[in-house]
Amino acid sequence: MTDTAFQLGKPALVCRWRLAGRHVPLLNRHMRALSQRRVNGEALSTNLLGWVKQHIEWSLAEDPAAVADGVLMIVVDEAGQAAMSTGAYEPLADASLEDLALRAQTAQVEASELGVAPEVLCTAEDGGITIGLSTDVPAAGATSLVEHLAQTRGIALKRDPALPFRAVSGLVGGEAFLVSDEYGIVAATNAGCAQEDAGTVAFLSAAFEKLYDAVR
């Protein structure tokens, strides 16, 4: 992966992780999720996982060409080789409930093939949080943080893989929001909700922003 003759083959897996101050705030969570991903039905090699973490910890923070507050992209090809680059961060252009639900559906397809969904639709309702994933799907880095934050607050959690499909049909209540490794917490712009539910999403969003600010 450091050979000057190295050429990346056809991409099989792409991860996009939020950067802050040339650091990846959720690195350990992302790495745990990366270890659960598959390429051609096989787990990623220990050597590849070690290279990713070492490159981020030792090289990325010192790279003057890296976009400090951007997005880190990791691409793994069909042969299990990896490459890494950084790019600018741009907020989602469309955060309507319909668009967030469609993004989550696409991520569910990715999870069925590669093991982990990088984006998940959730709802905050009646003091609890519903996560649009099956119970047997490992949580991505950002999703695992949401679960942890909910547990520290005593917020009830449940999973419902049909949530994105019900959202497209307008069959969800509460405050809908996307949890994304790239975008963090994105509240749906056209979903009304009770004050308590909005407060839950605001708490999660503030926790993510605090994490980013801590390393800038």
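Reply: Start with one term: buried means under 20% relative accessible area, exposed means over 50%, and partly exposed lies in between (1.4 Å probe, protein chains only). This is a predicted model, where local features need pLDDT of at least 70, side-chain atom pairs count only at pLDDT 80 or more, and totals for chains, interfaces and linings use all residues. Residues are numbered from 1 along each chain as its sequence is written, and side-chain values use heavy atoms, with hydrogens and water left out.

Now take Leu157. With a relative accessible area of 33%, Leu157 is partly exposed. Leu157 belongs to strand 8 (residues 156–159). Strands (E, at least two residues) and helices (H or I, at least four) are DSSP runs, numbered from the N terminus. Which residues does Leu157 touch, leaving aside its neighbours within four places in sequence? They are Ile129, Ile131, Glu147, Ala150 and Gln151. Contact here means heavy atoms within 4.5 Å. Ala140 sits 17 residues from Leu157 along the chain, and their C-alpha atoms are separated by 16 Å.

Next comes helix 4 (residues 141–152). Nine of its twelve residues are buried, so helix 4 is largely enclosed by the rest of the structure. Among the buried ones are Glu147 and Ala150, along with Leu145, Val146 and Leu149. The expected span of a helix is 1.5 Å times one less than its number of residues. For helix 4 that should be 16 Å, and the end C-alpha atoms are 17 Å apart, which agrees. After helix 4 comes Gly154, with a positive phi near 70°.
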